[in-house]
Amino acid sequence: MSDYQSYFLMKPEEAADYVQAKLNFFPEGHRLSGKEIGDGNINYVFRVVDEDTGKSVIVKQAGLKTRIEPDLGVSTDRGRIEAKILKIENSYAPGLVPEIYLYDGVMCAMIMEDMIGHTMMRTGLLNHETYPLFADQITTFLANCLIRTSDLVMDHKEKKRLVGEFINPDLCGITEDLVYMEPYTDCFRRNHVFLPNAEFIQKELYEDEALRLEAAKLKFEFMNHAQALIHGDLHTGSIFINQEHTYVFDPEFAFYGPMGYDIGNLIANLLFAWCNGDATIEDPAEKEDFCTWCVDTIADVVDLFVQKYDAVYDEYVTELMAKTPGFKAWYLSGILADTAGAAGTECIRRIDGMANVKDITSIEDEEKRARAERIVVTFAKDCIMNRTDFICGADYVAALERAVSRQDS
């Protein structure tokens, strides 16, 4: 058995030994088994189970390279960032993130609560399940974790210290390239474009100079607006859920950035779920139920966030100048514009970028997939080009209706 004094990439059986050596969680002598359960691009995730009691924990270890692009090396310091972020988020939104039991800087691994009884949200949505409490719970998480880590609430010196602590250049660099540059330029020739839409992508994305200009503005907003401690990769693969409860996890891309980035990413991924349901559900009543839930949830995420922004702002804001009449509304308008911009960039990068999304790629009918992609891109461009007009949930619903109408006319 290793003494874990130097880094190595664990195998499932080694993860079980690691937990027994590092954590007093399972009784001595119990039979432990390990299984890799992760499907991400840059980490290795193991479930370690006590075969005698059924208790379990999760081990997440940062790899030295990405699986999607082996030459794309990334710092293992992201594991430290993730573990600390989850602890901070748990202090602002208790119960909505998993508990961290241990972080090991040598092995670049954390041991955390197993979110047993929950399903990865993307998997559930691909099975066309709906979650009635999700919008309320995720907006509680967003409003508290974003606003309360900003200059609105925090001591300015402490906030600046955290900005330095959570500088995350490797992971931010991935976002800057994969989200804000490559989908508009294919500059590294590694974009994945669905062949039936190749001409559409060429015209609507690569040749649209006005869109590229707005994407450039959003890229520099992302790089330079250290507004709040954001999750940085908040999609339905970063959420575990059931009918009663939501967990947010996997914040390894976290850093101090624009609040709207998290909210917009979530909106985009709910749209992908709508596209999948619209394209693949055959029963009309089932399709109506699922797709209506997706649209309503997009609207609710925006509107409930606005409501909770008001409440959290009024309760927690300490900055004297931020209490000036009119400032609260002005500040919110910036968040909402950033939200629409981020929804658009996330939509586009998942259609023609390097990391496509299963909600779309699993649509087997080529015509239906091509239509879904065109709806997403049309919706995305609306969000980006007109982002200051997106101020409530109904604006996103209207944008989706316009995108569908354009494709079906």
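An open sheet of three strands runs in the order E6-E8-E9, with antiparallel pairing. Its edges are strand E6 (119-120) and strand E9 (246-248), each of which pairs on one side only. This is a predicted model.

Strands of a sheet pair through backbone hydrogen bonds, in a parallel or an antiparallel sense. Take the pairing of strand E8, residues 239-241, with E9: it is antiparallel and spans three bridges.

Now step back to the whole chain. It contains 15 helices and ten strands. Along the principal axes, its C-alpha atoms fill a box of roughly 65 × 55 × 45 Å. Does the radius of gyration point to a compact or an extended chain, and why? A compact globule of 409 residues would have a radius of gyration near 22 Å; the chain has 21 Å, so the value agrees with a compact globule.

Next, look at the contacts. Take those with a separation of 6 or more: 71% of them join residues 24 or more positions apart.

How much of the chain is buried? Buried residues account for 57% of the 409. The accessible surface of the chain is about 17,200 Å². Carbon and sulfur atoms supply 52% of that surface.

The chain carries 40 positive and 69 negative side chains. The centres of these two sets lie 4 Å apart.

Notes. Residues numbered from 1 in each chain as written. Predicted model: local features only at pLDDT ≥ 70, side-chain atom pairs only at ≥ 80, totals over all residues. Heavy atoms only, no water. Helix = DSSP H or I, 4+ residues; strand = E, 2+ residues; numbered from the N terminus. Rg over C-alpha atoms; globule rule 2.2 N^0.38 Å. Buried < 20%, exposed > 50% of the residue type's maximum accessible area, 1.4 Å probe, protein only. Contact = heavy atoms within 4.5 Å. Areas by Shrake-Rupley, 256 points an atom, 1.4 Å probe, with all protein chains shown as cover. Lys, Arg positive; Asp, Glu negative; His and termini not counted. Charge placed at Lys NZ, Arg CZ, Asp CG, Glu CD. Pairing = 2+ DSSP bridges.
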